[in-house]
Amino acid sequence: MRAFVLLFVLHAVFGQYDWNGPIASTPLSDRSLDINEIMCSNDQAACGCCLMQTQMMRMEEFFNMTVKELSQQLMTTKMNLDRIKKNRSAFSVALNNERSLTCFGPFSDDRPVPYKHVFLNLGDSYSIQTGIFTVPLSGVYSLAVTVYSRSAVNLPQVTCALLQVNGVDVAPLVDKNGADSEDSSTVVIARHLKAGDKVSVVLQKGCNICDDYNHYNTFTGFLLYAAAKA
């Protein structure tokens, strides 16, 4: 009986013959299916082994597909993180870090404020030499400026500065001298900026700002989110 089954299997695999010669063969996939059917109909043990092998092949295929998808997702995530890391932008600076109060101004003309003490300059987009922040990536930024000065009470106005973008006034910082000798002003805004824009704080003529290690005068900005347009 087993010899007959083996002969029948070989007949299905290698070609079909009758007593008059070979006849047209069936595709390999169909022959494999026929073999499985023959084995299942004649040998239950072989049938179980075949079905198990088929399931294992399916599991292996599913596993390989899953690994490939996870690898692609991991690669995409890594690229996004690298892009975010590359485009990070934030700075925070103070006028100086002197032990005693030191003033900048007054002058006979408007002048950019050169903030010399750096708390943070992520992306190196702020220049200590010029006091200008050059926008590295288009997007919405948070900008904050605080100015402080100290002078004689009889001066009519002491603290006056302007937050500017590309030389255009964005927000004024003004505090007129009142009953005391200290004046300060703060402004915080969110604004869409384009790559290459120049952001600075300009001290107006006739005004001064004063600072020491307490850091009364600060200039801070950071990217909230990247956006080509507002």
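Modeller: Buried means under 20% relative accessible area, exposed over 50%, partly exposed in between (1.4 Å probe, protein chains only). This is a predicted model: local features need pLDDT of at least 70, side-chain atom pairs 80 or more, while totals for chains, interfaces and linings use all residues. Residues are numbered from 1 along each chain as its sequence is written, and side-chain values use heavy atoms, without hydrogens and water.

Biologist: Are Phe91 and Phe133 buried or exposed?

Modeller: They form an aromatic pair (ring centres within 6.5 Å; planes under 30 degrees apart stacked, over 60 edge-to-face, the rest tilted). The pair is stacked, at 4.5 Å centre to centre and 25° between the planes. Phe91 and Phe133 are both buried.

Biologist: Which residues form one aromatic cluster?

Modeller: The whole structure holds 7 aromatic pairs. Phe91 and Phe219 are both buried. The cluster is made of Phe91, Tyr115, Tyr126, Phe133, Tyr141 and Phe219.

Biologist: Where is Leu122 found?

Modeller: Leu122 has a relative accessible area of 30%, so Leu122 is partly exposed. Leu122 is found in strand 6 (residues 117-122).

Methods:
Helices (H or I, at least four residues) and strands (E, at least two) are DSSP runs, numbered from the N terminus. Rings of Phe, Tyr and Trp (its six-membered ring) pair if their centres lie within 6.5 Å; planes under 30 degrees apart count as stacked, over 60 as edge-to-face and the rest as tilted.
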